[in-house]
Amino acid sequence: MDARLYDMGNIDIAWCPGCGNFSILTILKDALAELEIDPHDLVIVSGIGQAAKTPHYLKCNLFNGLHGRALPPATAVKAANPRLTVIAEGGDGDMYAEGGNHFIHAIRRNPDITNVVHNNMVYGLTKGQASPTSQKGFVTPVQITGVYVEPFNPLAVAIALDASFVARAFAGDQEQTREILKQAVRHKGYALVDIFQPCVTFNKINTYKWFKEHTYYLDETHDPRDRVAAFARATESERLPLGVFYISPDRAVFEDNLLAYRDNKEPLYLRSTDRQEKLSNLLNSSK
Amino acid sequence: MNSSDLSVVICGEAGQGIQTVEHFLTRVLKHAGYNVFATKEYMSRIRGGSNSTEIRISSRRVYAFLDRIDIFIPLDKDAVSHLRHRLSSETLILMDAEKIGTQVDVEGYRVVNVPFSRLAAEAGGPIYANTVAVGVLAGMLGIEAGIPEWYIKDRFSSKGEDVVGKNMQALGKGMETGSGLAASSGLNLDITKDSQISDEIILAGIEAVSMGALAGGCDFIASYPMSPSTGVLTFLAEHAADFGVVVEQAEDEISAVNMALGAWYAGARAMVTTAGGGFALMEEGVSLAGMIESPLVIHLGQRPGPATGLPTRSEQGDLELALYSGHGEFPRIILAPGTIEDAFYLTRRAFYLADKHQVPVFIMTDQSLADAFYNMAPFDLSGFEVERHIVETDKDYRRYVITPDGLSPRGIPGYGDGLVVLDSDEHDEEGHITEDLDLRTRMVDKRLAGMKGIEAEIIPPELIGPAGYSNLIVCWGSTINAVREAMERMGRDDLAALYFKQVHPLHQDTAGYLAKAGKIINIESNATAQFARLLKIHTGLDIEDKILKYNGLPFSVEEIEEKLSGILSM
């Protein structure tokens, strides 16, 4: 499929020139095109933030909801209509701070959705405060003596929760990131793709150059089925690994467990709403 | 004692099986052709404390809490002190003297020793004491043994013949004792039976809400457990496979409401069930529903606040919370069923209204309605079809196309050639984020224009009593039950009640009803008369006479009668 199918034409994009989000947008469109996903069968759910605006910039069905709340509606969309391809997308503040509780429980539920997180280690839209993934010592107008709380490690948390699929990528490497993203979307179950994304305006520390120097790719010696090894890789801090860290061998998918689909595989909206007979029986059982 | 209307109260610790007795006895009584009503009050704990259930058995339909206790069965020593204020010299106390008799002060009361524990032990063990108790009451009322025997077989046959047999023995011993008591205790009962009642249904308010949701086409519920609203979640879970309902216990109420909105977006018919504290967390979702013009059904079971308040008690304190919840301006609908029948019909209607008008719709109940049950004619299921207000999109589909009535046809992803775009930011007709401030004004106007359609189908308040009233009670939700019964007892031809089952927006006839009254009395279960305040905003009328209660218990018939009589004699 031609990635131009996802182009929105001449639209105003709210990102700063040079923002890592542009690269992620291109990667996303390319990956979806290569996976032959029709925009009509695609729903992107996002929260609030610069990253969460992404779905407005490609052709798709989109639910741009509230800050931190991409994952609950994304889970519900998939549960209401399992035929749709569902992506929950946003930034590190959106997914890991405001939405932290949902992040944990989405992993536990394991709906068949892809969770794309633009991780720039800073708050952009609110002008430069620390994010949950900001590194220690990072000075901001709020954290004026530098960040002194422990950074959130989304990969380690996800692996600890036996997440179905856990990967990290870098927006500066379109080719590899596209492949990781494709693998995540194809994966049946919850798939986390944390993407390092340089913020050219508010993060002068974690720049394109910094990420290049501080990352490396997992090679074939890493077995993504090995949870302990995956966890060890996720906690490395000198140079940060990229690639697929972990694929859980035996996670059942949320929507497959729902009793609503036990006897009927149709999306909810296609089902008959005539319940007279069943209701009548139910009423009779209350006699 | 009123010979045609008996009030039986059983009180004991949590875990002693009071609810088992309640279920058993009310079903048996209904099958025998008696009108029954049951209401419970309980503490927020799993074991211990003092919980009680009141079961009324009557010649006519009864649906409200009565202070008077005709027969009292204390199951432990604390039960007597817990309810002493409601006992009178007329009350017949059936007490197991061998078990608790020496520990309680019942001097001056009519006490009859019934050895529940010994009879249970003879039948097979202490767990059969509940069946003995049912047997005693059934015996006193002269109910034919076949009815409780049917119940035992129906309920316990899955547990084996031994259990059935021991229950039968316990029942027999209880009934024998009860028959003897009927003669010796001087009970002069004359409760009329009606064979048609045995074919009626018995449902609790919370079950009626749940069945109303199923009837309205609900196929998705996400919620976090919270008294007194959890029963909807458990009911739909029980019937999830049969009715095709996605049921999810969310990690918190924020997640629950956002899931419900995601579900509607993808074509489901979703609801949440919660109480005030949980609803407080859902407010952002109500506002989101307003912005994205999404249907949403919210069952808000009220209990006393603020904060955790009295978790297992009742209040009508969240009207203004629901009315003003969510930032920004957008339409909403608030329904307040007072009866169990209305809980069914209005919840069913809530889905229709939400889907048609693309707004959040509240169903406000409270603990007293949720947990109460009585016999009633089966609901009328005919002539109602669930309408799905979704459209197949074309390739130029715009979710928020501006129309004269404010409603834009609602498409869903994957159904048609269009794309469905929605945004919590202000948006253009396609649904994309905008900061065009002229468009902003048009979008606000469009959203608020939806009120016209909503106003065209407001449920009018129901007038109960004479049309030529000079005194008018105004109430909303569950308060109507005690009000109705108090009015029946008073039998005045100048007193009527206006029962509001939709409290927002209010029906246009409201002001006219109020204007006809010489005296208006507002009755509601909160401290600040929230509904009276709402009526003032709507009609300009200040209601001076108010009967308010906020100790966590529902109004009793007697207290309304007494307070009304006081106000009306002034």
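A:Met121 lies in the loop between strand E4 (114-119) and helix H5 (154-160) of chain A, where helices (H or I, at least four residues) and strands (E, at least two) are DSSP runs numbered from the N terminus. The phi of A:Met121 is positive, about 60°, although the residue is not a glycine. A:Met121 is buried, with 25 other C-beta atoms within 10 Å; a residue is buried if 20 or more other C-beta atoms, placed from the backbone, lie within 10 Å of its own, exposed if 12 or fewer, and partly exposed in between.

This is a predicted model, in which local features need pLDDT of at least 70, side-chain atom pairs count only at pLDDT 80 or more, and totals for chains, interfaces and linings use all residues. Residues are numbered from 1 along each chain as its sequence is written, while chains are lettered from A and ligands numbered from 1 in the order in which they are written.

**Backbone geometry in chain B**

- B:Gln358, a residue other than glycine, has a positive phi near 60°.
- B:Gln358 sits in the loop between helix H14 (340-357) and strand E13 (360-366) of chain B, and is buried, with 25 other C-beta atoms within 10 Å.
- Most residues other than glycine have a negative phi, and most peptide bonds are trans.
- The bond from B:Ser227 to B:Pro228 is cis, with omega near 0°; B:Pro228 belongs to the loop between strand E8 (220-223) and helix H9 (230-238) of chain B.
- A cis peptide bond also leads from B:Gly305 to B:Pro306, with omega near -5°, and B:Pro306 is in the loop between strand E11 (296-302) and helix H13 (319-324) of chain B.

**Overall form of chain B**

- Chain B comprises 20 helices and 23 strands.
- Its radius of gyration is 26 Å, close to the 25 Å that the globule rule gives for 570 residues, so chain B is as compact as a globular protein of that length; the radius is taken over C-alpha atoms, and the rule is 2.2 Å times the number of residues to the power 0.38.
- Of the 570 residues of chain B, 55% are buried.

**The eight-strand sheet**

- An open sheet of chain B has eight strands in the order E6-E5-E4-E1-E3-E2-E14-E7, with mixed pairing; two strands pair if DSSP finds at least two bridges between them.
- Strands E6 (110-113) and E7 (201-204) of chain B stand at the edges with a single partner strand each, so one side of each lacks a neighbour in the sheet.
- E7(B) pairs with strand E14 (residues 373-376) of chain B in the antiparallel sense over four bridges, and B:Ile202 stands opposite B:Asn375 in E14(B).
- From E7(B), B:Ile201 and B:Leu203 point one way and B:Ile202 and B:Ala204 the other way, and all are buried.
- Strands E4 (residues 71-74) and E5 (residues 92-95) of chain B run parallel, joined by two bridges, with B:Phe72 opposite B:Ile93 in E5(B).

**Contact between the chains**

- Chain A has 50 residues in contact with 52 residues of chain B; contact requires C-beta atoms, placed from the backbone, within 7 Å.
- H2(A) gives the most to the side of chain A that touches chain B, with eight residues.
- E2(A) pairs with strand E17 (residues 421-423) of chain B in the parallel sense over three bridges, and A:Asn64 stands opposite B:Asp423 in E17(B).

Conventions
Two residues are in contact if their C-beta atoms, placed from the backbone, lie within 7 Å.
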